[in-house]
Amino acid sequence: MRLLVTGGAGFIGSHLSRRLVEQGHSVRVVDNLSTGFRHNLDAISADVEFVEGDLRDADAMLDVCRGMDAVFHLAAMGSVPRSIKDPRTTYEINVTGTLNVLEGVRHNDVGTIVYASSSSIYGDSHAEFKDETQPFNPISPYGASKASAELNVLAFGRAYGFNALALRYFNVFGPQQNPEGTYAAVIPVFITHALRGEPWTINGDGRHSRDFTYVANVVDANLKALAKAPSVDPVAMNVACGGSISLLELSDAVREYADAAGVEPVHGPERAGDIVRSRAAIDLAAATLDYEVVVDWREGLRETVAWYRDGSA
Ligand SMILES: NC(=O)c1ccc[n+]([C@@H]2O[C@H](COP(=O)([O-])OP(=O)(O)OC[C@H]3O[C@@H](n4cnc5c(N)ncnc54)[C@H](O)[C@@H]3O)[C@@H](O)[C@H]2O)c1
């Protein structure tokens with residue numbers, strides 16, 4: 001199939017693009033390289049058509065969708081703290097940018113869109129598990145933008161008759177996730193500090209918990225979504241492992257796998273917009289896509305530590 005991956009130079013998008021190429025698909029990537037890197041696609045550079053383009057450019061999104069059978073829409077401004085600092089740009093990229101992609105899909109008769117949604121749309125809830133019957137309750141501009149984009153993806157699918165699925169990822173991690181910068185995700189930051197023998201900072205008391213999801217599971221869910229989309233009405237579903245791992249537990253595991261026994265992490269202040277607990281029910285994806293966890297968080301963490309240590313997983 002001819003497939004477009006928006007955000008394909010990013011962390012998750014580059015893993016997905018690699019699997020799609022391995023499966024023999026013809027892959028086009030569009031990315032503005034704001035948080036992604038060309039080198040993430042080095043292993044498949046000869047097999048991928050790379051287009052440097054911005055979601056906010058409506059004409060570019062019309063062009064880039066031409067001739068595609070399906071679009072995986074992953075490009076986004078993907079950080080909670082950054083969205084609190086700059087809600088307008090978050091909205092322009094994540095909401096209006098998604099509208100531009102949807103117009104590209106609609107006007108080019110693309111059959112399917114699979115959208116990278118987020119657990120952040122649920123916000124904080126006291127329920128043990130977050131399932132898809134729970135309402136949107138985002139607590140950051142990022143979460144609100146992902147909820148809004150998701151609604152648009154599903155509504156456009158229904159209104160214009162194309163296949164539309166939204167996969168709500170929960171805290172994804174793995175090789176190639178960027179450990180640098182103010183807005184880096186927690187796992188690559190912990191790992192790179194541990195490998196250097198330097199203390200890492202846990203925001204808050206460490207009892208915040210997450211459903212950390214190794215990237216191979218997310219790639220697998222996207223492949224299954226592509227295959228199943230024609231037989232499923234537009235719907236959103238969680239993609240995660242169904243686990244609840246506290247930052248303290250994560251920190252201990254990183255210390256063990258990175259052989260950093262002597263290093264003590266330090267505690268910093270809680271971050272604004274951070275959800276306290278986040279754990280997914282994954283029954284809907286299991287029923288709809290035959291989704292199942294292919295790599296659990298501990299195995300994924302070991303592979304990720306090995307990648308940061310050796311440069312390969
Ligand atoms: N990483 C996670 O834990 C997680 C969790 C839930 C949802 N998601 C979603 O998954 C998707 C991918 O996230 P990621 O972790 O790979 O992040 P990432 O930052 O590595 O990837 C995002 C990619 O989009 C590109 N991009 C950003 N703005 C753009 C624009 N205006 N035009 C074109 N390209 C643009 C970036 O350059 C980057 O390559 C995002 O939609 C994010 O919201 C991620």
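Helices and strands here are DSSP runs, numbered from the N terminus. The structure is a predicted model.

**Overall shape**

The protein holds 10 helices and 13 strands. Its radius of gyration is 19 Å, close to the 20 Å that the globule rule gives for 313 residues, so the protein is as compact as a globular protein of that length. Along the principal axes, the C-alpha trace spans about 60 × 45 × 35 Å. Of the 313 residues, 49% count as buried. Among contacts between residues at least 6 apart in sequence, 78% join residues at least 24 apart.

**The ligand shell**

There are 28 residues around the ligand, and G7, G10, T35, G36 and A76 come nearest.

The largest share of the shell, 3 residues, comes from helix 1.

**Helix 2**

Helix 2 covers residues 58-65, and its buried residues are M61, V64 and C65. Viewed down the axis of helix 2, these buried residues fall within an arc of 95 degrees, so they line one face of the helix. An α-helix has 3.6 residues a turn, so residues three or four places apart point the same way.

What covers the buried residues of helix 2? The cover includes strand 1 (2-6), strand 2 (26-31), strand 3 (48-52), strand 4 (70-73) and helix 4. After helix 2 comes G67, whose phi is positive, near 80 degrees.

**R298**

R298 has its place in helix 10, which runs over residues 297-310. Is R298 buried, exposed or partly exposed? A residue counts as buried if 20 or more other C-beta atoms lie within 10 Å of its own, and as exposed if 12 or fewer do. R298 has 16 other C-beta atoms within 10 Å, so it is partly exposed. R298 and L250 are 48 residues apart in sequence, while in space they are 9.0 Å apart, C-alpha to C-alpha.

Conventions. Residues numbered from 1 in each chain as written. Predicted model: local features only at pLDDT ≥ 70, side-chain atom pairs only at ≥ 80, totals over all residues. Near = placed C-beta within 6 Å. Helix = DSSP H or I, 4+ residues; strand = E, 2+ residues; numbered from the N terminus. Arc of directions from axis to C-beta. Contact = placed C-beta atoms within 7 Å. Rg over C-alpha atoms; globule rule 2.2 N^0.38 Å.
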